[in-house]
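Let's take a friendly walk through this model, starting with its charged side chains and then stepping back to the fold as a whole. Please keep the structure open beside the text.

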Amino acid sequence: MAELVSGDLAPDFELPRDGGGTVSLKEFAGRPVVLYFYPKDNTTGCTAEAIDFTTLAPEFGKKGAVVVGMSADPVKSHDKFITKHGLTVILASDEDAKVMTEYGVWREKSMYGRTFMGVVRTTLLIGPDGRIVRIWDKVKVKGHAQEVLDAIATLGET
């Protein structure tokens, strides 16, 4: 699959989510969606990112936006992660990495001289029309959630 770029239609998905049930992109049609991909529940950077998005959740909500985090962790792990840190964002479970592969964020990584497949921390801002507005690749956590919130404020501006 070709790499996704701004202007592309975001691939739809339906995945198991925290608390039971499923989450799909189409259920948020007409609203901005912040879709962030992260490597692992309860790791330092992923926890900080989830807490930052949770802290700003009321501001995202005022702009009509929904925030969805996605990793390969199972729902049970997501539920513990949410409870432990008081998170309010939706967490989707893509255990087979099928959706993350479609979005191009499941890539070969290397650490300590070994290579493996894993999630590259990435965020997409998807407009109300389902098209990708902006992609942040290889995200640095500090200040990122605020940067995404600021980008939502520009939706509709020319």
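The count of salt bridges comes to seven, where a salt bridge is a side-chain nitrogen of Lys or Arg within 4 Å of a carboxyl oxygen of Asp or Glu. Before we look at some of them, a word on the source: this is a predicted model, in which local features need pLDDT of at least 70 and side-chain atom pairs count only at pLDDT 80 or more, while totals for chains, interfaces and linings use all residues. Residues are numbered from 1 along each chain as its sequence is written, and side-chain values use heavy atoms, with hydrogens and water left out.

Side chains of opposite charge can pair when their charged atoms come close.

| Pair | N to O distance |
|---|---|
| arginine 17 and aspartate 18 | 3.4 Å |
| glutamate 49 and arginine 121 | 2.7 Å |
| arginine 107 and aspartate 137 | 2.7 Å |

How covered are these side chains? Residues are called buried under 20% relative accessible area, exposed over 50%, and partly exposed in between (1.4 Å probe, protein chains only).

Turn next to the salt bridge between arginine 121 and glutamate 49. Arginine 121 sits in the loop between strand S7 (114-119) and strand S8 (122-126), and glutamate 49 belongs to helix H1 (residues 44-55), so the pair ties together parts 72 residues apart in sequence. The elements named here are DSSP runs, numbered from the N terminus: helices are H or I with at least four residues, strands are E with at least two. Both partners are covered: arginine 121 is buried at 15% relative accessibility, and glutamate 49 is buried at 1%.

The salt bridge between aspartate 137 and arginine 107 also links distant parts of the chain, 30 residues apart. Here aspartate 137 is in the loop between strand S9 (132-136) and helix H5 (144-152), and arginine 107 is in strand S6 (residues 106-111). Aspartate 137 is partly exposed, with a relative accessible area of 41%, and arginine 107 is partly exposed as well, at 26%.

Two backbone spots deserve a look too. Asparagine 42, a residue other than glycine, has a positive phi near 65°; it is found in the loop between strand S3 (33-37) and H1, and is partly exposed at 35% relative accessibility. Alanine 97 has a positive phi near 60° and lies in the loop between strand S5 (90-93) and helix H4 (98-102). At 3% relative accessibility, alanine 97 is buried.

Now for the whole fold. The protein chain has five helices and nine strands, which run β-β-β-α-α-β-α-β-α-β-β-β-β-α from the N terminus. What radius of gyration does the protein chain have? The value is 15 Å, which agrees with the figure near 15 Å for a compact globule of 158 residues; the radius is taken over C-alpha atoms, and the globule rule is 2.2 Å times the number of residues to the power 0.38. Along the principal axes, the C-alpha atoms fill a box of roughly 45 × 35 × 30 Å. Of the 158 residues, 45% count as buried. Contacts (heavy atoms within 4.5 Å) complete the picture: among those between residues at least 6 apart in sequence, 61% join residues at least 24 apart.
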